[in-house]
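This briefing concerns helix packing and salt bridges. Please consult the sequence and structure shown here.

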Amino acid sequence: MQYAASGSNETGNGTALRNGDPHVQEVVKTAHEELRQLMRQRTEIMKRIGTLKQTIAGLANLFGDEILGEDLLELVDRKSGGRQPGFTKACRMVLMEAGRPLAVREVCEQIQQRLPAVLLRHKDPLASVTTVLNRLVEYGEALSVVRENGRRAWQWVSDPVAVDQPNGAPLSQL
């Protein structure tokens with residue numbers, strides 16, 4: 001879908017567009033519907049990617065990373081070349097391998113155990129991890145849940161869940 005953009009609020013014949021113009025409203029409505037559809041598709045794709053990454057990581061844990069090619073190791077954030085994975089990749093890896101919802105402190109502890117150098121670059125690691133985890137929720141890669149104790153935790157998304165489930169919805173199995 002193409003949308004014309006100009007520096008003024010006038011059409012080609014000089015008629016001012018108003019918010020109530022039915023043609024403008026129709027373009028906005030169509031764009032909104034398309035955006036919602038694409039966001040739902042992105043969420044479903046990210047869930048499927050999460051499932052596949054988790055499956056591949058599980059197979060690598062069972063049979064060793066050597067069963068994966070270099071490109072696949074990189075795709076599932078397990079490449080161990082001299083370079084440390086980025087902060088977001090480290091958070092993804094911890095959530096993906098946890099298999100259960102983790103609190104921010106637990107994610108920080110796991111990163112500290114596995115990749116301590118990643119945390120050294122951050123003044124406030126807890127705040128940085130919280131920011132990344134919330135972004136992973138926005139991307140559809142993680143789910144924010146509320147534990148029975150009322151504390152938030154984050155879980156890697158691999159199983160289908162309702163697209164319209166609100167953030168922080170309690171999971172009965174926690």
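The points below treat a helix pair and then the salt bridges.

The model is predicted, so local features need pLDDT of at least 70 and side-chain atom pairs count only at pLDDT 80 or more, while totals for chains, interfaces and linings use all residues. Residues are numbered from 1 along each chain as its sequence is written, and side-chain values use heavy atoms, with hydrogens and water left out.

**Helix packing**

- Helices α3 (residues 87-98) and α4 (residues 104-114) pack at an angle of about 110°, their axes lying 10 Å apart; helices here are DSSP runs of H or I with at least four residues, numbered from the N terminus.
- The two helices, α3 and α4, are therefore roughly perpendicular to each other (65 to 115 degrees).
- In α3, residues A90, C91, M93, V94, L95 and E97 meet V107, Q110, I111 and R114 of α4, where contact means heavy atoms within 4.5 Å.

**Salt bridges**

- There are four salt bridges, each defined as a side-chain nitrogen of Lys or Arg within 4 Å of a carboxyl oxygen of Asp or Glu.
- One of them joins R114 to E97, with the closest N and O atoms 2.8 Å apart.
- This pair links distant parts of the chain, R114 in helix α4 and E97 in helix α3, 17 residues apart.
- R114 is partly exposed at 35% relative accessible area, as is E97 at 30% (partly exposed lies between buried, under 20%, and exposed, over 50%, with a 1.4 Å probe and protein chains only).

**Network around E106**

- R100, E106 and R147 are linked in a network of salt bridges.
- The closest N and O atoms are 3.2 Å apart for R100 and E106, and 2.9 Å apart for R147 and E106.

Definitions and conventions
Axes are lines fitted to C-alpha atoms, for helices over the stretch in contact, and angles run from 0 to 180 degrees between N-to-C directions. Angles under 35 degrees count as roughly parallel, over 145 as roughly antiparallel, 65 to 115 as roughly perpendicular and the rest as oblique.
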